[in-house]
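Have a look at the model first, then read on.

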Amino acid sequence: MTIRRPDDWHLHLREGAMLKAVLPYTAAQFGRAIIMPNLKPPVTTVEQAKRYAAAIRDALPEGSTFQPLMTCYLTDGADADEIARGHEEGVFTAVKLYPAHATTNSAHGVTDLGNVAGVLERMERIGMPLLIHGEVTDPEVDIFDREAVFIERVLSPLLARHPGLKVVFEHITTEEAADFVAADTSGRLGATITAHHLVINRSHIFAGGIRPHLYCLPIAKRERHRLALRRAAISGTGPFFLGTDSAPHAVTAKESACGCAGVFTAPTAMEVYAQVFAEDGALDQFEAFASLNGPRFYGLAPNEGTITLERAPVTVPEIVLAEDGEAVLPFQSGETLNWRLKTS
Ligand code: DOR
Ligand code: ZN
């Protein structure tokens with residue numbers, strides 16, 4: 001199966017040795033990726049984004065044409081002029097909204113959307129997309145309900161207040177989110193779907209014991225939600241596109257009394273997605289989901305090149321080692337998949 005080279009519309013690359021260890025996997029598959037800004041400290045200025053983009057380019061394998069698309073981490077004190085300037089200069093592709101304390105490195109996130117109303121108005125005017133981690137942070141709300149409650153309490157009112165704002169509902173995990181996005185007819189609402197949320201449901205996290213490498217945020221939900229996500233992805237329809245949310249953490253940080261959230265899918269992301277589409281008899285929709293819908297939403301041209309996947313066994317790497325001695329465990333570590341990315 002040969003398709004236009006895909007893009008990853010949601011990716012965590014980290015910095016330093018980890019960046020160097022994980023980036024080649026993404027660069028081998030994808031033409032571009034939206035790079036999440038939740039570093040310590042977060043990427044909030046044009047200068048920081050330029051420096052981070054340069055570090056990513058430096059870490060690329062020789063000859064790679066992979067393009068990082070940078071994002072700005074939205075804070076309560078965000079400066080609309082700085083964000084608009086970054087967009088105009090082609091440094092910032094989008095802005096990422098983390099509700100404060102929703103997930104990994106989100107302590108600087110937004111505490112009240114009222115604090116950033118001016119920034120959002122400006123983004124609406126200049127056509128700059130807002131990428132949303134869609135979970136409420138109210139500890140009273142059950143962790144499995146936080147995404148569905150977010151739609152009612154935050155997302156719907158936000159879309160009504162800013163009728164021209166382009167929004168990506170990131171890494172959706174529920175039937176409610178899939179239905180909400182599918183019901184929008186304006187074309188200004190999109191959603192990314194990860195590979196792992198198409199494969200696991202919440203029971204997998206506890207299969208035979210607690211499996212910290214399957215813990216991520218938003219957490220995987222019941223089977224009915226996984227099936228709804230699969231229907232949305234294989235529909236091939238406009239608002240749904242590929243975003244891995246590959247989020248590497250050192251094994252020591254995952255296998256801990258308070259393990260970090262994040263599933264590291266980068267090594268075999270395209271193989272996992274291909275297997276899902278093949279299982280559901282929807283390979284004819286794969287290119288739309290992986291390579292066409294995302295660029296269309298962002299107003300970019302699809303990549304010129306192609307990639308080829310063949311129906312052949314491939315083993316997921318057991319472990320990925322960084323130069324500083326840290327190790328990361330890939331999703332489905334050591335397992336065999338039945339689609340293989342051909343390296344040209
Ligand atoms: O599981 C997650 N990991 N969810 C996020 O929102 C952040 C990410 C990370 O940066 O590790
Ligand atoms: Zn993420």
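## Around ligand 1

Sorted by class, the shell of ligand 1 holds four nonpolar, seven polar and one charged residues (Ala, Val, Leu, Ile, Met, Phe, Trp, Tyr, Cys and Pro count as nonpolar, Asp, Glu, Lys and Arg as charged, the others, Gly among them, as polar). Among the residues around it are His 12, Arg 14, Asn 38, His 133, Cys 216 and Gly 262, where "around" takes a heavy atom within 4 Å.

This is a predicted model, with local features needing pLDDT of at least 70 and side-chain atom pairs pLDDT 80 or more, while totals for chains, interfaces and linings use all residues. Residues are numbered from 1 along each chain as written, chains are lettered from A and ligands numbered from 1 in written order, and side-chain values use heavy atoms, leaving out hydrogens and water.

## Polar contacts and cover

What does ligand 1 touch through N or O atoms (pairs within 3.5 Å)? A polar side-chain atom of Arg 14 is 2.8 Å from a ligand oxygen, and an N or O atom in the His 12 side chain is 3.3 Å from an oxygen of ligand 1. On the backbone side, a polar atom of Ala 261 lies 3.0 Å from a ligand nitrogen. The protein covers 100% of the 290 Å² of accessible area that ligand 1 has on its own (Shrake-Rupley, 1.4 Å probe).

Note on methods. A polar contact is a pair of N or O atoms within 3.5 Å; within protein, one must be able to donate a hydrogen and the other to accept it, and residues adjacent in sequence count only if both atoms are side-chain atoms.
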